[in-house]
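Biologist: I have not looked at this structure before. Could we go through it by question and answer?

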Amino acid sequence: MTTKPLNNIWIRRQQCPCGDWKCYIKYEGEDQTAIGSELVARDGATSSPDVVFTPYVGQIFKTDDEAFEYFCSFARKNGFSVRKARSTESQNLGVYRRDFVCYRSGFNQPRKKANVEHPRDRKSVRCGCDAKLYLTKEVVDGVTQWYVSQFSNIHNHELLEDDQVRLLPAYRKIQESDQERILLLTKAGFPVNRILKVLELEKGVQPGQLPFIEKDVRNFVRTCKKTVQENDALLTEKREIDMLALLETCRAATERDDGFMYNYTTDENGKIENVSWAYGDSIRAFSVFGDVVTFETTYRSITYNMILGVWFGIDNQGRAFLLGCVLLQDETSQSFSWALQAFTRFLRGNHPQTIITDIDSGLRDAIATELPNTKHVICIWHVLSKLSTWFSLPLGLQYPEFKTEFELVCHLENIEDFENQWSHLMARFGIESDKHVSLLFSYRAFWPVAFIRGYFLARTMTVDYMKSMDKVIKNILSPHSSFKNFFEQVSAAANGAFHNKERVPNIPLKTCLPLEEHARSILSPYAFNALQQELMLCMQYATTDMANGSFLVRHYNKLEGECLVIWIPDTEQVHCSCKEYEHSGILCRHSLRVLILKNYFQIPEKYFPLRWRLDSSLIIPDDHLTSSQDNTDECSEAFHSLTSTLYSESLISKERFNYVHRELTQLVEIVRNMPVFDEVALDLAPNNVSEL
C-alpha cells in the first residue's frame with residue numbers, strides 16, 4: 001500500500017530575537033488573520049459582506065459551494081448556523097440536488113447505550129426546525145448552475161445574539177498562526193486554561209472573546225498529540241530518506257557542473273544533520289559581485305523542522321541572484337558557524353566585505369567568529385517588519401505616528417543625533433523600558449544609517465532589490481514532496497539568473513553633460529540611472545571654496561545639511577562627508593558638483609567600480625540590442641540639439657512661446673496615441689530630422 005507523499009511546507013520563523021520563548025513575530029500575512037480574529041471576537045463580524053440579503057426561490061449561484069457560503073453568511077447575521085443535509089445524484093448529472101438546513105433541524109435517533117455503569121446522557125440541540133435552503137442543478141446553454149428550489153426561514157427556537165452566535169461550533173475556528181502558538185505553549189508545559197489567557201493577552205482581547213473556546217483548544221491539543229505520535233516515526237524516516245536522496249542529487253550535480261560544490265555533516269549515528277551547496281556560475285560571479293552578500297534565514301521547514309539559509313548577491317542590474325543554500329538542523333551559533341565555514345570553503349577562502357542578515361544572536365556570534373574582517377549589517381527592512389508585532393498593541397492608536405518618527409530617527413546620519421533622538425522618541429511614547437526597545441538599541445551598531453553609513457552595501461537596502469530577492473524565495477518555496485524536488489527548484493532559480501536573456505534598457509541623456517555621456521558608456525543601465533539622478537540633482541547645489549581643496553556644498557534653499565567635499569587634484573580623488581560612494585559605489589551629487597566645477601568632462605576611472613560596469617553583466621547582451629542602443633544614442637543627440645534650438649527661439653517673444661507650447665502639447669498627444677511597434681526592429685537613426 002502506497003502512502004501519499006507529504007508536502008515539505010515552509011513558514012517564516014516566528015521566534016522573537018529577544019530570546020523570550022513566549023514572544024513571537026507575526027508577519028504581514030498573519031497580521032490580517034489576527035486582525036480578522038479580533039474583529040470576530042469584538043464585534044461578532046465575519047469577513048462576509050456587511051449586507052447579506054435574504055435568499056429567495058429562483059436565486060442562481062455558479063456552484064453549490066458558493067450557495068452554501070452565502071447561506072452561512074445569512075445564518076451568521078441572523079443568529080443561527082447551518083449544516084449540509086441530504087444530497088441526491090443521478091448517473092447522468094451526478095449530484096443534482098443539495099439540501100442545507102438549520103443546525104437544529106431534525107431529531108437525533110436514539111442510540112444503543114453503552115454497557116457502562118454511568119452512561120452519559122447528552123442532550124441534543126436538534127428540535128425539528130424547518131429552516132432550510134434546497135438547491136437544484138441545471139444546465140443552461142451548456143453552462144452548469146444551481147438555483148434555489150425551496151427556501152424557508154421559519155424557526156421553532158430562539159435566534160441568538162451576536163455575542164452568542166459566535167460560540168456555535170460552525171463559527172469557532174482556530175487559525176493556523178494560533179495553532180502553532182498553542183502547540184508551542186503545550187510543549188512548554190502550559191495547561192489549556194493558561195494558554196487561553198496568554199492568547200487573550202497577546203491579541204489584546206477581553207477574557208472569553210477569542211474566536212474559539214477552551215473545549216476547542218483541548219480537542220485540538222488531543223488530536224495533535226495523537227497525530228504527532230503517529231507521524232513522528234514516519235517523518236523521521238522520510239527525512240532520512242530525503243536527506244540521502246538530496247546528497248545523491250548533489251553528487252550527480254557535480255558531474256553536470258564542474259564548479260558545483262556541496263558539504264554536509266552527520267551525527268554520531270551517521271545520520272545527516274546539515275547540508276550546504278553552491279553552483280559553479282554563482283561561485284564565479286562572486287569574484288565580481290561578492291563584495292556584498294545577503295544571508296536570508298527567515299524560513300524553516302515545519303515538515304522536517306530544519307532552517308533554510310539562502311545566500312544572495314546583487315548583480316550590476318540591481319537584481320538578486322542566488323549564490324547557494326544551506327539546510328540546518330537548528331538555529332544555534334554552532335550550526336550557523338558551520339554554514340559560514342562551508343560557504344567560505346566554496347569561495348576558496350574569499351570573504352565578502354559586508355554580510356546582511358536578520359536579527360539573530362546566534363548568527364551574530366557566528367559571523368564575529370568566522371568572518372571577523374567582514375562588516376555585519378542587519379537589514380533595516382527586517383527591523384521595520386517587526387515593529388507592528390512589538391509596538392502596535394502597547395501603543396494602540398499612537399503606533400502609526402510612532403512608526404513614522406521611528407523611520408526618521410533610523411535614517412539620521414550622525415551617531416550622536418541618533419542616540420539623542422532615540423532616547424527622546426522612546427521617552428515620549430513611554431516605552432523606554434520595553435525589552436524590544438532595549439534589544440534594538442543593543443544592536444544599534446548593526447542597523448541604523450548613522451552606524452553603517454561607511455559600510456559598502458551596493459544598494460541592497462533598496463525596495464527593488466528586496467522585491468527581487470523575495471521573488472526568488474517565493475519561487476523556490478512552493479510546497480515540495482521532497483528535498484530533491486526542492487533542490488531542483490533552487491537550481492532552476494540559480495540558473496535563471498545566468499541564462500535568461502533580457503533586453504538591456506537604454507537610458508537617454510538628460511543633462512547633456514559630457515560626464516553623463518561618458519558614464520553611460522561604462523556603467524550598467526541600473527547604475528547609470530542612479531548616477532544620472534545624482535547628476536540632475538547636483539545642479540541644485542552651491543559650492544563654497546574653503547581653500548586647500550575643500551569645498552562646502554549645500555542645497556540652494558538649505559533643505560538639507562551641508563556636506564564637506566575634499567578634492568585632491570594630483571591623484572584625482574574626491575571625498576564627501578555624506579559617504580554615498582563608500583556606501584553604494586555611486587558618486588554623490590556633492591562630489592559631482594565639485595567635479596563639474598573643476599571642469600571635469602569624464603569621471604575618473606577609479607569611480608567606476610567593476611561591479612557596476614556594463615561589461616560585468618551576468619548575461620552578455622545580444623549584438624542587435626547593442627546596435628539598437630547605438631541608433632537610440634544618435635536619435636537622442638539629434639533631439640537634444642533640436643529641443644535646445646526650439647527652446648532658445650521660443651523665448652524671444654511671448655507670442656513665440658505660446659505658439660510653441662500649444663503646438664508641442666498637441667504633438668505630444670498625437671505621439672502618445674500612435675501604435676507601438678517593436679523598437680528593436682526599428683531604425684532609430686534620425687535621417688529625416690532637419691534643423692529649424
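Biologist: How are helix α15 and helix α16 oriented to each other, roughly parallel or roughly antiparallel?
Modeller: In this predicted model, α15 covers residues 463-476 and α16 covers residues 483-499. Angles over 145 degrees count as roughly antiparallel. The angle of α15 and α16 therefore makes the pair roughly antiparallel.

Biologist: How many residues in the contact of α15 with α16 are charged?
Modeller: The residues of this contact divide by type into 5 nonpolar and 2 polar. The count of charged residues in the contact of α15 with α16 is given as no charged.

Biologist: At what angle do α18 and α20 cross?
Modeller: Helix α18 spans residues 525-538, and α20 spans 589-597. Their axes come within 8 Å of each other. The crossing of α18 and α20 is right-handed, and its angle is roughly 65°.

Biologist: How many charged residues are in the contact of α18 with α20?
Modeller: α18 brings Leu531, Glu534, Leu535, Leu537 and Cys538 to the contact. α20 brings Arg589, Leu592, Arg593 and Ile596. The contact of α18 with α20 divides into 6 nonpolar, no polar and 3 charged residues.

Biologist: Let us turn to charged pairs. How many salt bridges are found in the whole structure?
Modeller: Side chains of opposite charge can pair when their charged atoms come close. The cut-off used here is a nitrogen of Lys or Arg within 4 Å of a carboxyl oxygen of Asp or Glu. With that, the search of the whole structure gives 20 salt bridges.

Biologist: How many residues apart in sequence are the parts tied together by Asp64 and Arg98?
Modeller: Asp64 and Arg98 form a salt bridge, with the closest N and O atoms 2.9 Å apart. Asp64 is in helix α2 (residues 64-78) and Arg98 is in strand β4 (residues 94-102), so a helix and a strand are tied together, and these parts are apart in sequence by 34 residues.

Biologist: Which class of accessibility does Arg98 fall in?
Modeller: Buried means under 20% relative accessible area, and exposed means over 50%. Arg98 has 26% relative accessibility, so Arg98 counts as partly exposed.

Biologist: Which residues are linked with Asp99 in a network of salt bridges?
Modeller: Asp99 and Arg97 meet in a salt bridge of 3.0 Å, N to O. Asp99 is buried at 3% relative accessible area, while Arg97 is partly exposed at 21%. The network joins Asp99 to Arg86 and Arg97.

Biologist: How many residues apart in sequence are the parts tied together by Asp291 and Arg611?
Modeller: The side chains of Asp291 and Arg611 meet in a salt bridge of 2.9 Å, N to O. Asp291 is in the loop between α7 (280-289) and β9 (292-296), and Arg611 is in the loop between α20 and α21 (623-650), so the pair ties together parts whose separation in sequence is 320 residues.

Biologist: What is the separation of the C-alpha atoms of Pro352 and Asp291?
Modeller: Pro352 is in the loop between α8 and β13, and it counts as buried at 4% relative accessibility. Its contacts, not counting residues up to four places away in sequence, are Phe286, Gly290, Asp291, Val293 and Thr374. Pro352 and Asp291 are 61 residues apart along the chain, and the separation of their C-alpha atoms is 4.7 Å.

Biologist: Is Arg348 buried or exposed?
Modeller: Arg348 is in the loop between α8 (333-346) and β13 (354-357). Its phi is near 55°, a positive value in a residue other than glycine. With a relative accessible area of 63%, Arg348 is exposed.

Methods. Residues numbered from 1 in each chain as written. Predicted model: local features only at pLDDT ≥ 70, side-chain atom pairs only at ≥ 80, totals over all residues. Heavy atoms only, no water. Helix = DSSP H or I, 4+ residues; strand = E, 2+ residues; numbered from the N terminus. Buried < 20%, exposed > 50% of the residue type's maximum accessible area, 1.4 Å probe, protein only. Axes fitted to C-alpha atoms, helices over the stretch in contact; angles between N-to-C directions. Parallel < 35°, antiparallel > 145°, perpendicular 65-115°, else oblique. Nonpolar A, V, L, I, M, F, W, Y, C, P; charged D, E, K, R; others polar. Contact = heavy atoms within 4.5 Å. Left-handed = near helix turned anticlockwise from the far one by under 90°.
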